[in-house]
Amino acid sequence: MKKNTNFNRAGKLTALLFLITLLLTPCVIVNAGERGVLMKFGEVQNQILGEGIHFIIPVYNTVEKLSVRVQKQQISAEASSKDLQNVFTDVALNWHIIPQEANAIFQQIGDEQNVVERIINPAVEEVLKAVMAKYTAEEIITKRGEVKGEVDDALTTRLNSYHVAVDDISLVHVHFSERFSEAVEAKQIAEQEAKRAEFIALKATKEAETQVNLARGEAEAHRLLRDGLTPEILQRQAIEKWDGKLPLIVSKEAPKLMNIGEFLKFNPN
């Protein structure tokens, strides 16, 4: 009985010592959406710690945690178009650190703030300047989708070499100098007025053509009617319309009735 009691005490003591050792052993917890960069005496190791709890050796090991979640960066940049117009662009960039390359990015660049300041902002500005210089100001407006696609491709290639992935890029707002905007507005007004004047001229031409066609039609109708009025037709029409009474001709002499024969011989010419 005494032996069992000693055994239980030894077991409890062992468990307590294990718990104390566990609690005193340094560990690091890598949260969801993070990666841990393991270092040995400050030297970055190839091993990358995933999400969860990891035990490390004090002093010998240190861990730097980096977020690999999608992050949003808003950047305003100025560039020049092909026709030397100032282009002001507001860019919204969604990006994230490539998880399996977290150790390399920390070793070469640093934490997320260093990535933004040293890599992302300069890259966006340089890419925008390079792409905008290929297009005129008018093309930047009319071919916005094409411009956005070229910026996306160039920026993806550039940032990928720095272990950063581009999820999406949006040209939120593209605008020009006030002078250029006024010139564009004046040009649009002039084009609208020119189109309106062209429409009015075309309408007048169509109306004139319509009047000419109507006049030609009426003239042709009169010609056909005149050609079809033969003496025989006129005599028949006169007979059809005659009410049976002979017209009375009044002259200086005594009134007399028209000879029906002479009436039927009426010639319009």
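Let's start with Leu-84. Is Leu-84 buried or exposed? Leu-84 counts as exposed, because its relative accessibility is 73% and the cut-off for exposed is over 50%. Keep in mind that this is a predicted model. Where does Leu-84 lie? Look at the loop between strand 6, residues 71–80, and strand 7, residues 86–97. Now the backbone. Leu-84 is not a glycine, yet its phi is positive, about 65°.

Hold that thought and go to His-163. Here, too, phi is positive in a residue other than glycine, near 70°. His-163 lies in the loop between helix 5, residues 144–160, and strand 8, residues 164–176. Buried or exposed, this one? His-163 is buried, because its relative accessible area is 13% and buried means under 20%.

Next, aromatic rings. How many aromatic pairs does a search of the whole structure find? The search finds 1. The partners are Phe-41 and Tyr-60. Their ring centres are 5.1 Å apart, and the planes stand at 80° to each other. That makes the pair edge-to-face, because the angle between the planes is 80° and the cut-off for this class is over 60 degrees.

Which parts of the chain does the pair link? Phe-41 sits in the loop between strand 2, residues 34–40, and strand 3, residues 43–49. Tyr-60 sits in the loop between strand 4, residues 52–55, and strand 5, residues 61–67. The two residues are 19 residues apart, so the pair links distant parts of the chain.

Now their surroundings. Phe-41 counts as exposed, at 61% relative accessibility. Tyr-60 counts as partly exposed, at 32%. Both residues also belong to a nonpolar surface patch. Ile-57 and Val-59 complete that patch, and its area is about 450 Å².

On to charges. How many salt bridges are there? The count comes to 5. Let me walk through them.

Take Arg-35 and Glu-51. They form a salt bridge, with the closest N and O atoms 3.9 Å apart. Arg-35 is in strand 2, and Glu-51 is in the loop between strand 3 and strand 4. They are 16 residues apart, and the pair links distant parts of the chain. Arg-35 is partly exposed, with a relative accessible area of 21%. Glu-51 is also partly exposed, at 48%.

Now Arg-158 and Glu-126. Their side chains meet in a salt bridge of 3.0 Å, N to O. Arg-158 counts as partly exposed, at 29%, and Glu-126 is partly exposed, at 43%.

Then there is Lys-134 with Glu-150. Their side chains meet in a salt bridge of 2.7 Å, N to O. Why does this pair tie separate parts together? Because Lys-134 lies in the loop between helix 3 and helix 4, residues 137–142, while Glu-150 lies in helix 5, and the two parts are 16 residues apart in sequence. Glu-150 is partly exposed, with a relative accessible area of 22%.

One more item on charges. Which residues are linked in a network of salt bridges? They are Lys-148, Asp-152 and Asp-168.

To recap, please find two places on the model. One is the nonpolar patch with Phe-41 and Tyr-60 among its members. The other is His-163, the buried residue with positive phi.

Definitions and conventions: Residues numbered from 1 in each chain as written. Heavy atoms only, no water. Phe/Tyr/Trp six-rings, centres within 6.5 Å; stacked < 30°, edge-to-face > 60°. Helix = DSSP H or I, 4+ residues; strand = E, 2+ residues; numbered from the N terminus. Buried < 20%, exposed > 50% of the residue type's maximum accessible area, 1.4 Å probe, protein only. Patch = residues over 30% accessible without salt bridge, like charges linked within 9 Å, V, L, I, M, F, W, Y side chains within 5 Å. Areas by Shrake-Rupley, 256 points an atom, 1.4 Å probe, with all protein chains shown as cover. Salt bridge = Lys/Arg side-chain N within 4 Å of Asp/Glu carboxyl O.
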